[in-house]
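I opened a new structure today and kept notes as I went. Here is what I looked up, entry by entry.

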Amino acid sequence: MWSGKPKTIDHQWFRCDITIDATLPNPERVMTMNLPLASSGLPTTRRHFFRDCGYGVGKMALASLLAGSARAADTSSMDLFAPKKPHFPAKAKAVIHLFMTGAPSQLDLFDYKPELTKLEGKPLPPEVIKGQRYAFIRADAGVLGPRFKFAKHGKCGAELSEMLPHLAKVVDDIAILKAVHTDQFNHAPAQIFFNTGFGQPGRPSMGSWVIYGLGCETKNLPAFVVMSTGAGISGGSANWSSGFLPTVYTGVRFRNQGDPILNVSSPPGFDREMDKETLDLVAELNMSRLGSVGDPEIATRTAAYEMAFRLQTAAPELTDLKKESKETLALYGADPAKPSFARACLLARRMVQRGVRFVTIYHEGWDAHSDVSGNLKDNCGATDRASAALVSDLKRLGMLDETLVVWGGEFGRTPMVESNPALGRSLGRDHHPQAFTIWMAGGGIKPGFTIGKTDDLGFHPIEDAVHVHDVQATILNQLGLDHEKLTFRHAGRDFRLTDVFGKVIKPILV
């Protein structure tokens with residue numbers, strides 16, 4: 001953003017000098033425009049300026065609003081989506097976050113505890129569960145042993161459940177974090193906490209912070225895309241909201257079938273030229289309104305319309321999986337015509353190829369309060385093949401080094417059984433925030449590596465514990481962003497994704 005020195009625009013009808021004083025705090029910041037009469041003698045009205053100069057006044061106003069914020073990017077950029085320099089050289093250019101909402105059971109997939117089999121049906125020792133709270137079971141509920149067999153795989157010797165046969169094939173390409181813990185023990189707050197760093201709605205999501213800090217490398221697709229497969233997300237849209245950041249940074253949700261975005265196709269009788277003329281008129285009206293009231297959300301609205309227009313061409317091409325080879329479709333287990341987690345993973349790869357910066361796929365349904373065995377069979381059957389295929393496909397295409405893949409849920413499951421005849425529940429597991437497992441791959445993450453250890457009962461971390469804020473700090477770090485410097489001033493203070501916590505998990509980095 002410039003200050004004091006006018007920015008001059010030469011136009012066929014007028015010469016316009018614009019000055020924004022960015023040295024003043026936001027409430028006093030002003031943008032002045034000098035619009036002299038044109039040489040033709042015609043008066044230059046604000047309507048003429050907005051219609052004809054094509055300079056993007058909405059973006060200037062929004063950039064001016066942001067100029068006082070401490071941020072990763074240079075606020076002199078007039079385009080909020082323009083690629084911006086990171087704080088330091090990045091290992092990754094994009095993130096694909098595979099979020100398993102409902103919380104998979106780490107004890108039946110990753111963290112094998114034979115001691116639980118020995119204690120099955122007996123309560124845990126009082127000293128282990130002292131002071132703990134649970135959503136649906138008593139703390140003295142009996143132990144439930146692992147439901148499946150485990151075996152070591154790959155050169156790294158990582159131990160995985162028989163429910164993850166495809167992940168076992170790429171285990172030398174991933175890093176497993178076995179001692180992750182969180183502050184939240186119910187689904188919606190825990191999901192929002194993992195995605196925004198805070199347990200209540202209103203804060204910007206990871207994807208929003210990333211786009212705010214780095215911008216976008218594509219003009220034809222959203223920089224931050226959200227997809228979901230399953231029955232619903234407890235935390236809802238708060239998981240991909242831009243919070244108090246400008247809403248241009250909100251994640252764009254793609255639908256599972258039909259138009260990727262609702263109403264992206266023109267209605268019958270409207271051709272592309274008519275669409276463009278309509279959008280030009282709407283943009284003119286919006287810019288006129290912006291000049292009157294100065295609300296930056298009007299610029300957000302205009303940017304959304306412009307993106308929708310470009311998506312009419314880009315989105316159908318993106319989602320046409322028929323152009324993928326039969327071998328690739330078989331690798332993911334994707335049917336181009338049917339919505340599925342596999343299809344979403346393949347779309348995520350295609351998005352990253354086209355410059356999308358952050359993709360989150362929510363797969364719902366892991367909340368195994370009853371029949372944890374059946375729950376895992378269904379969900380692993382739907383996700384294991386595609387998750388592993390994403391890693392191997394990115395590696396095959398030479399994209400894994402610059403794409404960070406993250407897999408995991410909002411918390412773990414208890415070593416104790418949940419059985420409640422009144423609710424029709426048996427052989428399930430309750431919520432467990434004290435310890436759970438996630439894995440990461442690519443983007444500068446050390447392959448074939450396991451970090452973290454829990455006690456013999458899988459209850460508490462005892463070695464290399466990792467907090468959710470640490471995971472967030474590490475994701476930003478791999479994108480070249482310092483989580484302590486990527487801030488936005490709101491309500492009188494500087495906010496950041498990791499609040500006042502978090503440290504980069506250096507042992508898992510290459």
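**Cores**

I began with the largest nonpolar core, which has 57 residues. Those with the most contacts inside this core are Leu98, Leu109, Met227, Met351, Val359, Ile361 and Trp439. I took a nonpolar core as a set of buried Ala, Val, Leu, Ile, Met, Phe, Trp, Tyr and Cys residues joined through side-chain atoms within 4.5 Å. Buried means under 20% relative accessible area, exposed over 50%, and partly exposed in between, with a 1.4 Å probe and protein chains only. I also noted a second, separate core of 51 residues, which includes Ala103, Phe411, Leu479 and Ile508.

**Ground rules**

This is a predicted model, so I kept in mind that local features need pLDDT of at least 70 and side-chain atom pairs count only at pLDDT 80 or more, while totals for chains, interfaces and linings use all residues. Residues are numbered from 1 along each chain as its sequence is written, and side-chain values use heavy atoms, with hydrogens and water left out.

I looked up what leucine 98 touches, leaving aside neighbours within four places in sequence. Its contacts (heavy atoms within 4.5 Å) are Phe341, Cys345, Ile361, Ser387, Leu390, Val405, Val406, Trp407 and Gly408.

Then I turned to strand β4, residues 94–99. Helices (H or I, at least four residues) and strands (E, at least two) are DSSP runs, numbered from the N terminus. Six of the six residues of β4 are buried, so the strand is largely enclosed by the rest of the structure. Ala94, Ile96 and Leu98 point one way, and Val95, His97 and Phe99 point the other way.

Which strands pair with β4? One is β11 (residues 403–408), parallel and joined by six bridges. The other I noted is β10 (residues 358–363), also parallel, over five bridges. Pairing requires at least two DSSP bridges between the strands. Alanine 94 has threonine 403 of β11 as its bridge partner. Leucine 98 has isoleucine 361 of β10.

**Helix α11**

Is α11 mostly covered or mostly open? Mostly covered: twelve of its 13 residues are buried. Among them are Phe341, Cys345 and Met351. The helix spans residues 341–353 and reaches 19 Å from first C-alpha to last. That is close to the 18 Å expected at 1.5 Å a residue, taking 1.5 Å times one less than the number of residues. Just after α11, I found glycine 355 with a positive phi of about 100°.
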